Amino acid sequence: MASTLLNVSALSAGTEDKPILHDVDLVVGEGECHVLMGPNGAGKSTLGHVVMGDPAYRVTSGSISFAGEDVTELSADKRSLAGIFLSYQAPVEVPGVPLYSFLRTICQMRPELKTTARKFRQRVGEIADQLELDQSFLMRELNVGFSGGEKKKIEMLQLLLLQPRLAILDETDSGLDVDALGIVSRGIEAYREQVGGALIVITHNTRILERLTVDRTHVMVKGHMVAEGPAELIGEIDANGFERFERGDERCDDCPGCPAAGDAR
Amino acid sequence: MSEERKRTQVADVDRSLYDFTKPEEGYERYDDGLTPEIVRAISEKKDEPEWMLEMRLAALETYHAREMAPNWGPSISGLDLDHISTYVSPKTKQAKSWDDVPEDIKDTFERLGIPEAERESLAGVGAQYDSEIVYHNMREDVAKQGVIYTTIEDALHDPQWEPVVHQYFGTLIPPTDHKFAALHYAVWSGGSFVYVPAGVTLPYPLQSYFRLNAAGAGQFEHTLIIVEPGADLHFIEGCSAPKYYEANLHAGAVELFVKDGARLRYSTIENWSKNMYNLNTKRATIGADAKMEWVSGSFGSHVSYLYPTTVMAGDRSSCEFTGITFAGATQDLDTGCKVIMNGADTTASVSTKSISKDGGVNTFRSSVVIGRRADRARCSVSCQSLMLDDISRSDTIPAMDVRNATAQVGHEATIGRISDDTVLYLMSRGCSEEEARTLVVNGFANPVSKELPMEYAVEMNNLIKLEMEGAIG
């Protein structure tokens, strides 16, 4: 068993006026690959954002620790520098900021990644080739006017450059055509091989998982962790959907503290 | 290139870059206030032709006759002209070598990076310190092509150029234009005279830098540029001053004559200190097939009134105005431009950006006049504003006066904020909140900074970073 990298413990969180996550536990070991599944609105993306430190969500109880440190109160940039990476479902466009110099900036602020301009250019070039990303993209503005698939490749490019210890991929596969999906999958494989980092793949589509060796599968429904199991659980969900996990919903609909989902686990 | 620029966001900025002062010991400083005696003294010291003295005295009368406060725009009630010294001269002669410039003044310009820029990328440099030009020099190869780059004072002492100055000086911006134009002509001192002969293209820009070191003083430099037919010039103007508690005044005048088929690019980065009243007047008249390009960055001053004007007299001429204004705490910046399109098939494009924070006030004010003769004239005006908080203010006041039915005009304006999503996205990649916001603001300004020469783009990014420091509660 790998040593614990991420430990989400009894975490409840939500926006100002609406609780979303209820008493969630999630343990990810160093270098492990976890899959987080669940129907729309289950709170999967929210969990990803809360682990990243999105101030739009408030943690009401529980804790998040990363590499042995309690990061529950840390801002997103500090978590990023500590080694957490969140690949966005919809990466944000930042006009006027050239992609290449942005990449340079975010690498240079990490002592372990500091390098010469020439070596950096070479490294970025290699990764871009690997992702079949035209190098002319590097001179364009960050995510501005990029297609959905291109934006996901830019996220993979950052993942491979930053080499985080934990990458959370928030529906990285959504909206991709078969070719782009293949390239992104290879990017994820490269991250696993080259960096050996841990992975939380948030998805409700099992295709992206075909090329990955999954250690654990987690199922979320309505803000609760309702099941956890081995990789084989994915096959079952693929065949039967989430229906069997959704039983007992009525019992926890309006219970912010909610202990009710416990029996499904 | 982009990499170089980015580095300026990461590197620390030395706050002392602009905010340092030098003692005025031994300087010649005329009494505060405005009298014919002071005007005569300035003229006498400069040993001017009689017509110039007469022009000064007439302008002084106009100045006194006009009402003080305009009934529009930011308040200038904090400006007490009876306590502004109109002439402060460092005890030095104009030098052609930096080695001959007094040490403290040379140090000032070195800190501002002027000699270095001159060595690397300029065809000529003029440096003004308070009321007088302390350094003026131009590359020999450029001089050989007949290009003149000197002070107006020196041109007035040259029998070849005195009639030229007489012919053009004060014709585009008459002393009767407004109260501060009158003031300018009464006490003007320093500035530049540039003459580019027909067909000559300058390989590098010329640059004048204006530094106001003295407290409670005014700077009234006059820039007169003549670009003859088919010639091409890029002129750069930079300004800065240290911060004082007393009000300072800048009332310069820039007159640009761009002849048929000529091109002039006029770039400015202004970083006056925040006690400065910047009441500057800039105007260009351009001939047929001529091209005028303004690039204007306004960061400093307490109050600015600045509307560079282009009179498009010739057919098929074109004008581009690209501007950015950054208003922070205590700043009320009223900026924009005017375009007067009189020729047929003329095109004008105005693109401005403004950034407001910490209660800063930005007003974009533009005026486009399309005359009856301007068949098929086309003009587009676009202004984008970025508000960094809830206590700042941004207004857009575009005026259009179209008198030709075949003309096409367009205007668009947007006001935006930095979205939380953008900040979080950048923070999730390791940028602090401050870095994230600076990145967004720099990105917003990027379309302007990429129009600027390299070292000015760097300076602009540095200024943005300075302004953004401590922006996060």
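Two strands are said to pair if DSSP finds at least two bridges between them, and strands here (E, at least two residues) and helices (H or I, at least four) are DSSP runs numbered from the N terminus. In those terms, strand S3 (residues 33–37) of chain A is joined to S8(A) by 4 bridges, and the two run parallel. This is a predicted model, in which local features need pLDDT of at least 70 and side-chain atom pairs count only at pLDDT 80 or more, whereas totals for chains, interfaces and linings use all residues. Residues are numbered from 1 along each chain as its sequence is written, while chains are lettered from A and ligands numbered from 1 in the order in which they are written.

**Overall form of chain A**

- The secondary structure of chain A comes to 8 helices and 10 strands.
- Chain A has a radius of gyration, taken over C-alpha atoms, of 18 Å, close to the 18 Å that the globule rule (2.2 Å times the number of residues to the power 0.38) gives for 265 residues, so it is as compact as a globular protein of that length.
- Along its principal axes, the C-alpha trace of chain A spans about 60 × 40 × 40 Å.
- Of the 265 residues, 45% count as buried, a residue being buried if 20 or more other C-beta atoms, placed from the backbone, lie within 10 Å of its own, exposed if 12 or fewer do, and partly exposed in between.
- Among contacts in chain A with a separation of 6 or more, 71% are between residues 24 or more positions apart, where a contact requires C-beta atoms, placed from the backbone, to lie within 7 Å.

- From S7(A) the chain crosses through helix H6 (residues 178–195) to S8(A) in a right-handed β-α-β crossover, meaning that, with the strands pointing away from the viewer, the path from the first strand over the helix to the second runs clockwise.

- An open sheet of 4 strands in chain A has the order S2-S1-S4-S5, with antiparallel pairing, and its edge strands, S2 (18–29) and S5 (69–70), each pair on one side only.
- Strand S1 (residues 4–15) is joined to S2(A) by 8 antiparallel bridges, and A:Thr15 stands opposite A:Lys18 in S2(A).
- H1(A) lies across S1, S2 and strand S4 (58–66) of chain A and runs at about 70° to S2(A), the axes being lines fitted to C-alpha atoms, for helices over the stretch in contact, with angles from 0 to 180 degrees between N-to-C directions.
- Helix H1 (residues 44–52) of chain A is mostly covered, since 9 of its 9 residues are buried, among them A:Lys44 and A:His49.
- Just after H1(A), A:Gly53 takes a positive phi of about 100°.

**Contact between chains A and B**

- The contact takes 27 residues from chain A and 24 residues from chain B.
- On the side of chain A that touches chain B, the elements giving two or more residues are helix H2 (76–82) and helix H3 (99–108), and the largest share, 6 residues, comes from H3(A).
- By class, that side of chain A has 16 nonpolar, 7 polar and 4 charged residues, where Ala, Val, Leu, Ile, Met, Phe, Trp, Tyr, Cys and Pro count as nonpolar, Asp, Glu, Lys and Arg as charged, and the others, Gly among them, as polar.

Notes: Two residues are in contact if their C-beta atoms, placed from the backbone, lie within 7 Å.
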